[in-house]
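Please take a moment to look over the sequence and the structure shown below before reading on.

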Amino acid sequence: MAPFSAARAAGPCTELPADAPIVRLAGVDAAGDPVLADGRSLRLVGIAPRQDAVEAARFASEIGQWRDRELKLVILAGSDRWGRLPARLFVPAEAPGSEPTNLAATLLRSGAVQRLPEAAFPDCGAAPAARPSAARSPAQAAPDLVGDAIDGHDIAALKAQAGRFVVVEGRVASVGERAQRTYLNFSRRRAEAGAVMLSRTQWRELQASGWTASGLTGKRVRARGVLSGQDGTLLEASSAAALELID
């Protein structure tokens with residue numbers, strides 16, 4: 001297997017490198033990730049992890065329709081700790097003047113997967129059509145956080161979704177800035193509501209675009225990520241782009 005080179009990654013999302021190889025899908029592996037005919041395992045960027053057997057089956061069924069079809073591969077980084085290559089798969093253009101289709105965008109439009117905003121990689125049209133938003137984020141990210149949001153003040157609802165990739169919405173009661181993490185708390189008393197946890201890098205990105213601890217207090221935010229923590233009420237934001245300021 002050739003080592004990863006930054007030159008192999010695409011620039012604009014629909015402009016494939018001239019040397020983008022043609023590959024074929026063999027299916028999905030035991031973990032539910034796409035596998036190429038040559039044995040390489042992929043993580044399609046912009047797509048959220050499947051959270052249960054139903055989501056995994058829906059994904060496998062939809063991507064299975066592309067099995068043995070000629071696709072173009074763009075590798076975006078080296079293998080992760082599970083041996084998966086972060087990548088995009090494109091369906092080659094079928095007519096002169098048309099553009100290749102990002103397979104992730106196709107899967108999202110079909111409802112087979114959920115979107116995962118990733119700061120390291122541009123969206124590349126992987127989002128479904130945006131719905132109207134009450135307000136744009138200061139970061140101008142305004143991600144399309146589709147699906148029903150869980151009330152960040154509803155402890156029972158949060159705990160019921162512990163471990164899942166979800167959307168949470170709530171009014172910020174306080175902001176706790178620590179050396180490595182920043183917490184957007186929906187209540188000043190931990191047992192009364194959930195919180196959003198940001199990495200130092202994510203918080204700095206938001207600060208650079210105008211977010212401040214004092215400015216967020218009392219504001220309603222919407223965030224996407226995995227619910228974790230000892231009681232399952234702490235949402236780990238997937239990226240800075242996964243947060244939206246509602247009012």
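**A helix and its cover**

The buried residues of helix α4 are covered by a set of elements that includes β10 (174-177), β11 (181-185), β12, α5 (213-216), β14 and β15. Helices (H or I, at least four residues) and strands (E, at least two) are DSSP runs, numbered from the N terminus, and a residue counts as buried under 20% relative accessible area, as exposed over 50%, and as partly exposed in between (1.4 Å probe, protein chains only). The buried residues of α4 are Q202, W203 and L206. Seen down the axis of α4, these residues fall within an arc of 95 degrees, so they line one face of the helix; the arc is that of the directions from the helix axis to the C-beta atoms. The face of α4 turned away from this buried side carries R204 and A208, which are exposed. After α4 comes G210, whose phi is positive, near 115 degrees.

Residues are numbered from 1 along each chain as its sequence is written, and side-chain values use heavy atoms, with hydrogens and water left out. The pLDDT is the predictor's confidence in each residue, from 0 to 100; the chain averages a pLDDT of 80, and 81% of the residues score at least 70. Over residues 1-12, however, the pLDDT is below 50, and this stretch has 19 contacts in the model beyond near neighbours in sequence, where contact means heavy atoms within 4.5 Å. Over residues 126-146 the pLDDT also stays under 50, and the model has 46 contacts for them beyond four places in sequence. Where pLDDT is low, the predicted coordinates should not be read in detail.

Taken as a whole, the chain has five helices and 15 strands, and buried residues make up 44% of its 247 residues. Among the contacts in the chain with a separation of 6 or more, 59% are between residues 24 or more positions apart.

Which residues of helix α1 are buried? They are E55, F59, E62 and I63, and, seen down the axis of α1, its buried residues fall within an arc of 90 degrees, so they line one face of the helix. On the other side of α1, A53 and V54 are exposed. The buried residues of α1 pack against β2 (25-28), β3 (34-36), β4 (41-44) and α2 (103-109). Two of these strands, β2 and β3, run antiparallel and are joined by three bridges, where two strands pair if DSSP finds at least two bridges between them. G27 stands opposite V35 in β3. The two strands form a hairpin with five residues between them, and G32 in the turn has a positive phi of about 90 degrees.

Strand β4 holds L42, which is buried, with a relative accessible area of 0%. Not counting residues up to four places away in sequence, L42 touches several others, including D33, P34, L36, R84 and L85. L42 and G83 are 41 residues apart in sequence, yet their C-alpha atoms are 8.3 Å apart in space.

In soluble globular proteins, nonpolar side chains tend to be buried together. A nonpolar core is a set of buried Ala, Val, Leu, Ile, Met, Phe, Trp, Tyr and Cys residues joined through side-chain atoms within 4.5 Å. The largest such core here has 23 residues, of which V168, L184, V196, L198, W211, L216 and L243 touch the most other members. Among the elements that give two or more residues to this core are β9 (165-171), β12 (195-199) and α4 (200-208), and the largest share, three residues, comes from β13. Apart from this core lies another, of 22 residues, among them I75, A87, L103 and A112.

Strand β13 (residues 220-228) is also the place of S228, and at 17% relative accessibility S228 counts as buried. Leaving aside neighbours within four places in sequence, S228 is in contact with T233, L234 and E236.
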